[in-house]
Amino acid sequence: MASAEQVIQWYPGHMAAAMRKIEENMKLINVVIEVVDARIPTTGSNPLLDEISGKRPRLLVLSREDLADPISTVKWLTRFNATQRRAVAVNGKDQASVGKANFHLGQLTAGSKGSQRAIVVGVPNSGKSSVINGLLRRAAAKTEDRAGVTRAVQWFRVQPMLELMDTPGILVPKIDTPDAQWKLAITGAIPRERYDPEDVVERFHKWLVTKTQKRTRVPDLQTFASARGFLRKGAESDLHNAAQSYIKDFNDGKFGRITLEDPVDDGIAKTT
Ligand SMILES: Nc1nc2c(ncn2[C@@H]2O[C@H](COP(=O)(O)OP(=O)(O)O)[C@@H](O)[C@H]2O)c(=O)[nH]1
Ligand SMILES: [Mg+2]
């Protein structure tokens, strides 16, 4: 059992530099595309990126639709729709699915004269490069399943009159709640050397048990570790490696499609 809940933070120098670069480039930008993991539509959205977008037309791309609970995704899309935010859910690994974003980009830039420039922003590892590749219909932007791969901004022409800028993932300098910390960690926005995986898995499972009123078949860390042979008799227990496998399985969808937060039910989206 991991002891006290760990404080998880990650704001390296290259991120602060990238944020400045994004701000500098904003004057060239007509459209902002924010890519957010569909499993954490609130936690995975960076309010600082919101701020620097100003009044530019925006598209919210909920990535990892394939890993999110489909019912929750509908709730989120309904919510965004009700609050006049243009949003689309995609599977970044599937070109046809990413193609759905083209329609929205076309609508956002309709009537504008000249070449349009869109910037693709989001927290680390949210699926930005995958979305760009899907729109380009080829692998040009480098993708990887660890946070912090794209370090510099990069331009790609995706349509004759539309250029996209890929950017490095940006977190807030201080992730304020413990809940946001474990959610960003388990979904891959924070590199694995920056947190204790046992702690993150335990917090995830505790959350799941509460949410489902104990009716979940997703194993806790101990059960997972014994089932997967991490706790052989006599051998030293290896919960650390078990927790890393657990997180990998979670992100491979082996525990099913799990969304970590639903929209707050304040009545706005209740009309449908
Ligand atoms: N299952 C799933 N994996 C995705 C999706 N989008 C991206 N990925 C994977 O997530 C990792 C990070 O994607 P990437 O596009 O590099 O994210 P970036 O850091 O925001 O540019 C890669 O391993 C992608 O293959 C998605 O919609 N579903
Ligand atoms: Mg990238």
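Where does N125 sit between strand 4 and helix 6? I'll come back to that in point 3, after a look at the ligand; please keep in mind throughout that this is a predicted model.

1. **The shell around ligand 1.** There are 16 residues around ligand 1, and R64, D66, G92, K128 and S130 are the ones that come nearest. Sorted by class, the shell holds 2 nonpolar, 8 polar and 6 charged residues.

2. **Polar contacts to the ligand.** From the side chain of N91, a polar atom lies 3.2 Å from an oxygen atom of ligand 1. The backbone takes part as well: a polar backbone atom of N125 is 3.1 Å from a ligand oxygen, and for a polar backbone atom of S126 the distance to an oxygen of the ligand is 3.1 Å. As for cover, ligand 1 has 570 Å² of accessible area on its own, and the protein covers 90% of that.

3. **N125, back to the opening question.** N125 is placed in the loop that runs between strand 4 and helix 6 (128-136). Its phi is near 65°, which is a positive value in a residue other than glycine. For background, most residues other than glycine have a negative phi. N125 has a relative accessible area of 15%, so this residue counts as buried, the limit being under 20%. This is the residue whose backbone has the 3.1 Å distance to a ligand oxygen.

4. **K214, another positive phi.** Here phi is near 70°, again positive in a residue other than glycine. K214 belongs to the loop between helix 8 and helix 9. With a relative accessible area of 70%, K214 is exposed, because the cut-off for that class is over 50%.

5. **The largest nonpolar core.** This core has 46 residues, of which F204 and L260 touch the most other members. Elements giving two or more residues to the core include helix 1 (13-25), helix 2 (47-53), strand 4 (116-121), helix 7 (178-186) and helix 8 (197-211). Helix 9 (221-227) and helix 10 (239-251) are also on that list. The largest share, 6 residues, is the one from helix 10.

6. **F204 and its partners.** If you set aside neighbours within four places in sequence, F204 is in contact with W182, I186, V218, Y246, F250, I258 and L260.

7. **A second core.** A separate core of 21 residues is also present, with V88, V90, A118 and V120 among its members.

8. **T109 in helix 5.** T109 is part of helix 5 (residues 100-109). A polar atom of the T109 side chain lies 2.8 Å from the backbone oxygen of L105. T109 is buried, with a relative accessible area of 15%. Not counting residues up to four places away in sequence, T109 touches V31 and Q116.

9. **W10, ahead of helix 1.** Is W10 buried or exposed? Its relative accessibility is 9%, so W10 counts as buried. W10 lies in the segment before helix 1.

Definitions and conventions: Residues numbered from 1 in each chain as written. Chains lettered and ligands numbered in written order. Predicted model: local features only at pLDDT ≥ 70, side-chain atom pairs only at ≥ 80, totals over all residues. Heavy atoms only, no water. Near = heavy atom within 4 Å. Polar contact = N/O pair within 3.5 Å; in protein donor to acceptor, adjacent residues only side chain to side chain. Areas by Shrake-Rupley, 256 points an atom, 1.4 Å probe, with all protein chains shown as cover. Nonpolar A, V, L, I, M, F, W, Y, C, P; charged D, E, K, R; others polar. Core = buried A, V, L, I, M, F, W, Y, C linked by side-chain atoms within 4.5 Å. Buried < 20%, exposed > 50% of the residue type's maximum accessible area, 1.4 Å probe, protein only. Helix = DSSP H or I, 4+ residues; strand = E, 2+ residues; numbered from the N terminus. Contact = heavy atoms within 4.5 Å.
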